[in-house]
Structures are given as structure tokens and as C-alpha cells.
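Please work through the exercises below with the sequence and the structure at hand. Each task is followed by a solution in steps.

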Amino acid sequence: MSQSNDLIPPRPAPQSANGILGRIQALAAQGPSHLILSVISYAAMAAMIWLILRWAISPTWTAGSLAECREILQGQHGKACWGVINERWSQLLIGFYPKAEFWRPALAFVLLGLAIFAMLRVNARAMERKLAVIPFVLTPYLLWGGPIWSWVVLFGAACLLLVMNKLLRSTNAKADFAIRIAFIGAAVWLAMNISDALPPSLKDLGLEPVKSREFGGFLLSFLIGLSAILFSLPMGVALALGRTSKLPLLRVVSTGFIEFIRGVPLITLLFIASTLLNIFLPPGTNFDIIVRVIIMVTLFASAYIAEIVRGALAAVPKGQTEGAASLGLNYWQTQRLIILPQALKISIPGIVSTFIAVFKDTTLVSIIGLLDPLGLANNIRADSAWTGIVWEIYGFAALIFFIFCFAMSQYSMWLERQLQTGHR
């Protein structure tokens, strides 16, 4: 086969589609209607951004009331009054948490941030993820305080459990699981009763206790939302496996739980947590209100996650299960190594959407007396000094919610790209 030695004649470089000029040329190539609508849309966006910036740029950060804002602005209308944010930002973030103990939620937030970063990395080592559990054990003590001994026992038990995971390598998985459960039960019992064995001089050693009613603002929303997210995912996966199980009793119980929770509004569950849950507890039991809310929000989120995971399990080809059976894998090995990794990858968008919805739904706790950011905003607006403030305080709350929700959405898309195994 002969090859030609003729050079390809020079041709003009292709038009770049990057930049504003490239975008305009691409729109013009699609027709004048696309170009006109795009220009109108960009002009509307630019006008909206200009109006927001014109409203936000305001020299009112030092104002102590709405009247002082108006004096500083000297009759200028359409300007923000940022004095309310400068004066009440700590209240919006941590509620009525003692200001002298502000370092405790700040430290807890930093530790949780580092732990979440370690756990969400795709290429993180197994030991990094196990060590990331420690901040989650320390955070409740940092926030609530009280005698330190129970938390020392729980922290030591968590560290010993990490060591046990390295030492327990027997061929009997059921025996290893039973040992872990017995160890956790013994640690919880010791944590609940250790103060009775201590001398009076040591019983109260620890951080200053803080009541749950003093929690508020984004500290409360973040605490409830993060706890519900952490506990609802494994519970939702377990419910999805139960609903698809061949065992009739397990399938009926899982299906009944899912359908009941999905058929009841979250507000109703919060009322149950606030009023009715104590009826089913022994007399004199002091069950913390935030813990009750976390339980109900977790149950609510787990039911929706279970349906998302169940749909993803149905999307995994049956040949995967048959192939696992041909390799001699049992049910749990098949689910853990083959089926669930594929199903969870498919269900990432739905799961993250549920997490975002749960985090935003934490504002409903104001109905049962807990002061979330919106509840605190209403209290601040009830102050005579800030009566009439609307956009500034609600805009600040909306911005914080947007930052967290947008971060979860972006992580979801990044994780999908990292786990992409098909043709790119």
C-alpha cells in the first residue's frame, strides 16, 4: 500500500468556544432566538447581582439598633442594616451557649471537620477512617460537658475496639461480632455506673455542664443534621436489605416500618419525640430532648434512604448475584463485596438529596421549643431594637444553609466522577 508524501495544506484554526466571544459565536450559530434569549438572561442576572451588591454594601456594621442604621444611612433607602448580624452573630451560631465556653463548640467543629474530611476521601486508608471515629466520640462531651469519667470509659472503649479489629481475625465471623457487641455493652454499662465507684472529690471532675435547652442556632441544626446523616445511612441500608429479604418476618417488619415512617409527617414525629416518648420510658427517666429529636429525625431519614437503596439494588443485574454464587460467596459476602458497592454508587444522588433535605428540615424543631436559626431570628426580630429587620437576618441564615447544602451537592458530584468505571 503506497503512502503519499504530500503535505496537508494549511487550514485556518478552529474557532474557540471558550470565553465570552466563543460563547456568543456558539449561540449565534444556533440561531438569533437563542442569542437574544441568552443576552436577556445574562442582562437580568447582571441586574440582579448589581441590586444585591448595592443593597449589601452598607456602612451599618456598628449600629446597635434599626434606628441607628437609619441615622447612619441618612435617609438612604434600599440599604442593608448589618448591625443586627454584628451584634447577634454568636447567638445565631450557637444559641444561648455560655460565651465563656465558646471554645468548646469551636473545637468540636474543627475536630469534626477534620474527621469528615478523612472519612470522605476516596483513597483514605482504613486506619484513617477508624481514627476519624474518635472526634465523634469526643464531640458530645465537649458540647454537653459534665463529669469526665463516663466519657473517658467510652473513649477508651473506642480505642480498644480499634485494637480489637486488628486482633480479631478468626474464621468465625459470628463469634467476632458477638465479642464486639459484648464489649460495647460492657463499656456502656461501666460508663453509666462508674461514678458510683468514685470518691465524692472526683465525681464532679470535668467540664462545666451545659443544658440542651441552651443549644441553639446552627450548632443545633448541625448537631441534629450530622447525627441523623451518620446513623440513617447504615440503618437505611439495613432496612433496604430487610425489605428485599426472603425471610417473611424480616420483610414484613422492614416494609411496615418504612411505610409507616414515610406516611407520617416529620412534624408529627417531632411532637412524639417531645411529648409522647417519655410515656413509654420508666418513671423518673430523664431522656434528653435533643437525643429524642435525633432519634426521630434518624428514623425519618432512614426510611427514605431505604427506598432509594432498594431501587438501586433492583438496578444491579441479577447476573452479579449468580456470579457471586458461582464463586462460593455466601449472602453477606455477596452483599458486602459485590452488590452493595454497586447499589450505593447508583444511589449517591438520591442519598445526598435526602441528606440535604434532612439538614434543612432541622428548622422544624422550633415547633417543639428548640431554637434553631429561624427560631432565633424570630426572637431577635421581636426585640424592640430590631423590629422591622427581615432580609438581613434571614439572608444570613439562608447563606449558611446554602454553603453547607452546596458543599454536600458538590461532594456528591465529585464522588460520582471518582467512582465512575464506565466509558468516559
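The exercises treat a helix, salt bridges and a pocket in turn.

This is a predicted model, in which local features need pLDDT of at least 70 and side-chain atom pairs count only at pLDDT 80 or more, while totals for chains, interfaces and linings use all residues. Residues are numbered from 1 along each chain as its sequence is written, and side-chain values use heavy atoms, with hydrogens and water left out.

**Exercise 1.** Determine the span of helix H17 and identify which of its residues are buried.

*Solution.* Step one: helices are DSSP runs (H or I, at least four residues), numbered from the N terminus. H17 covers residues 348–361, 14 residues in number. Step two: the expected span is 1.5 Å times one less than the number of residues. From first to last C-alpha H17 reaches 20 Å, close to the expected 20 Å. Step three: buried means under 20% relative accessible area, exposed over 50%, and partly exposed in between (1.4 Å probe, protein chains only). Ile348, Ile351, Val352, Thr354, Phe355, Ile356, Val358 and Phe359 are buried in H17. Step four: the cover over these residues, judged by contact (heavy atoms within 4.5 Å), includes H11, H14, H16 and helix H19 (391–418).

**Exercise 2.** Examine the salt bridges formed by Arg88 with Glu87 and with Asp383, and that between Glu307 and Arg262.

*Solution.* Step one: a salt bridge is a side-chain nitrogen of Lys or Arg within 4 Å of a carboxyl oxygen of Asp or Glu. The whole structure holds seven. Step two: the N to O distance is 3.4 Å for Glu87 and Arg88. Glu87 is partly exposed at 40% relative accessibility, whereas Arg88 is buried at 14%. Step three: Arg88 also meets Asp383, at 2.7 Å, N to O. This pair links distant parts of the chain, since Arg88 lies in helix H4 (residues 83–94) and Asp383 in the loop between helix H18 (373–382) and H19, 295 residues apart. Asp383 is partly exposed, at 26%. Step four: Glu307 and Arg262 meet at 3.6 Å, N to O. Glu307 belongs to helix H14 and Arg262 to helix H12 (residues 248–262), so the pair ties together parts 45 residues apart in sequence. Salt bridges that share partners join Arg243, Glu259, Arg262, Glu307 and Arg310 into one network.

**Exercise 3.** State which helix supplies the largest share of the lining of the second largest pocket.

*Solution.* Step one: a pocket is an open set of points on a 1 Å grid over the protein atoms alone, where a 1.4 Å probe fits, with protein on both sides within 12 Å along at least five of seven lines; lining residues have an atom within 4 Å of a point. Step two: 20 residues line the second largest pocket. Step three: H16 gives the largest share, five residues.

Methods:
Helices (H or I, at least four residues) and strands (E, at least two) are DSSP runs, numbered from the N terminus.
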